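Hi everyone, thanks for coming along. I'd like to walk you through one model this morning, so please have a look at it first.

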Amino acid sequence: MSTDEEYEEDELQALSETEGECEDGVLQFSDSLTGEVKPRILLMGLRRSGKSSIQKVVFHKMSPNETLFLESTNKICREDVSSSSFISFQIWDFPGQIDFFDPTFDYEIIFRGTGALIFVIDSQDDYVEALSRLHLTVTRAYTVNPDINFEVFIHKVDGLSDEHKIEKQRDIHKRANDDLNDAGLERIVLSFYLTSIYDHSIFEAFSKVAQKLIPQLPTLENLLNIFISNSGVEKAFLFDVVSKIYIATDSSPVDMQTYELSCDMIDVVMDISSIYGLANSEAALPYDKESTAIIHLNNSTVMYLREVTKFLAMVCFLPKDSFGRKGLIDYNFHCFRKAIEEVFDVRVKVQQNRKLLGQRRWSKLTAANTR
Amino acid sequence: MSLFTVLLMGKSGSGKTSMRSIIFANYIARDTRRLGATIDVEHSHVRFLGNLVLNLWDCGGQDTFMENYFTSQRDNIFRNVEVLIYVFDVESRELEKDMHYYQSCLEAILQNSPDAKVFCLVHKMDLVQEDQRDLIFKEREEDLKRLSRPLSCTCFRTSIWDETLYKAWSSIVYQLIPNVQQLETNLRNFAQIIEADEVLLFERATFLVISHYQCKEQRDAHRFEKISNIIKQFKLSCSKLAASFQSMEVRNSNFAAFIDVFTSNTYVMVIMSDPSIPSAATLINIRNARKHFEKLERVDGPKHSLHMRMR
């Protein structure tokens, strides 16, 4: 009887959650067995490690300097960034000190629906306590949900020299893995990132974390590869314009500087569009279907930005000669954009089918119960 | 060469070198953390608008140097000054001392260059809580205006972390351009011919707005500083890749903006609110106008501007 009840609850949950999810053209993803549509990214770490600042800078366009005025988080803040961003994650910002043994804190439910757990370590501070908390958190989470991606942000590295950064990363990496090995949990994989809110490293790290949670990634990469090879483009990114996280790129290696320049280009386009490109209505958005930008650099490279969906933009780099055939590039882009729409449509259809299936099962259940 | 001397003065640590680095040497705000205290006087020639040379005297603000200026170096430093820019650190604990030095500067100016324009920058405003900023600035401005009599001073509130720095320097530099009226007339004609909503002219090195034309009310009153800042930041990002940008086009369904090299000393930004006009048309118009404006710049050469100044 109890398993039936659980089953009912899960189905109800699935139904209610899929209800509001199918907006047009917005990609929803990763339903686990419980039917939750939006996976969670948890931001955890010791007090003052920088979690809320990260969230504000990446998803709310806060200037890093303003984060000095942020107050300590004293309860779990649950941010839903799906309305403005392609990334429909829930960011859970935990206050620094979480007591796992506190009975009111039901970490099981939280971890079960989590896609990625980001643990933030303040690299400028002594990190012994951080490491022990990391170990505790990871082991707890793993027992509940072994599929969680564990990401460790070695944060606040803006003050350190390159050698110092590498040294810290190596040290933390070694210690964390030693702790896990000692506990017999070698299976758990931790990924490490050096981050700071004062440069692009936090966006780059978040890009990688987000990409791991996107099931369509290979398809998107494939589409980008086809596009660039047929258009004479050297590099292309698919960016979420609000957070400047790139959710896909072609298979050529990513050069950090190219990524940074792309972020800067998006900033320029958004800023200029916000000044001159707002229609007279109240709900005007600077970024719309016709948003385009072309930047000519003096080294014969052209940067080209085109709107893909209301959240996504493609930023590509191509040599000036290729850009001479703009008509061809625009046609290829048109095909690319249509393909992306189809990828999304598939997802929405899958969603709707699941919902239908769930409803049928539910009605069978009720029928079975009434007999 | 018309040589304008600009004196940049203020107490030690008030932010003069940072300011100068950002406006003229393409630093970004964060890089200024690396700057150490200026020793004695740093003297630099900065070419500006081709035929203007800004003679920047960045005087180390420490006490011993300050004493030095007002006694032995006085005539040397305060002679032929067109513009005095005095920087006050809004967080300073020694307001009286600051005012004392400021007044000594003014005295020296009155004696040696009585026609100089005086600008006071109340700097580091980012360190003041946002709701306090207007109040504190107003207080300082009143005090400074009072103290400066019989000279009149123009006050600005600034910070290297936002657009207020550009606004202040833009206003200062605008007053130094000898043929600004003619420039604006020509710009207006150009804009009307190509049916642009707005045309901005930027100085090439600093991206300060030196002239503009608009045909209708624009929504954002602070847009010049914002655009300057935006482009400058982007220029800096490009320089990290050892590149620089030549031209830019940004559009959405409501507008199209074109930023391009104009004359040897300027950049132009053209805003069209009719996005159906093909880019190629606007770009050709800009190219044709370029030749005309280049001619203008050459005609108003050094001799001409020098002559105007002497009147």
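First, the ground rules. This is a predicted model, where local features need pLDDT of at least 70, side-chain atom pairs count only at pLDDT 80 or more, and totals for chains, interfaces and linings use all residues. Residues are numbered from 1 along each chain as its sequence is written, chains are lettered from A and ligands numbered from 1 in the order in which they are written, and side-chain values use heavy atoms, with hydrogens and water left out.

Let's begin with chain A. It has ten helices and eleven strands; these are DSSP runs numbered from the N terminus, with helices being H or I of at least four residues and strands E of at least two. Of its 371 residues, 54% count as buried, where buried is under 20% relative accessible area, exposed is over 50% and partly exposed is in between, using a 1.4 Å probe and protein chains only. If you take contacts in chain A between residues at least 6 apart in sequence, 67% of them join residues at least 24 apart; contact here is heavy atoms within 4.5 Å.

Now the rings. Phe, Tyr and Trp rings (the six-membered one for Trp) pair if their centres lie within 6.5 Å, and planes under 30 degrees apart are stacked, over 60 edge-to-face and the rest tilted. That gives 23 aromatic pairs over all chains. Take Y304(A) and F323(A): the ring centres are 5.5 Å apart and the planes are at 75°, so this pair is edge-to-face. It links distant parts of the chain, with Y304(A) in strand β10 (residues 301-307) and F323(A) in helix α9 (residues 320-323), 19 residues apart. Both Y304(A) and F323(A) are buried. Over in chain B, F202(B), F207(B), F234(B), F245(B) and Y267(B) make up one aromatic cluster.

The rule asks for NZ of Lys or CZ of Arg within 6 Å of the ring centre and within 35 degrees of the ring normal. K235(A) lies over the face of F237(A), 5.4 Å from the ring centre, and the charged end of K244(A) sits over the ring of F203(A), 5.2 Å from its centre.

On to the interface. Chain A contributes 34 residues to the contact and chain B contributes 35 residues. Together they bury about 3000 Å², 60% of it on carbon and sulfur atoms; that is the accessible area (1.4 Å probe) two parts lose on being put together, summed over both. I272(A), I275(A) and Y276(A) supply 25% of the area that chain A buries against chain B, more than any other three residues.

Finally, the two aspartates. D197(B) lies in the loop between α7 (180-194) and β7 (198-203) of chain B, and is buried at 9% relative accessible area. Beyond its neighbours within four places in sequence, its contacts include Y213(B), K216(B) and M272(B). D321(A), in helix α9 of chain A, is exposed at 68% relative accessibility.
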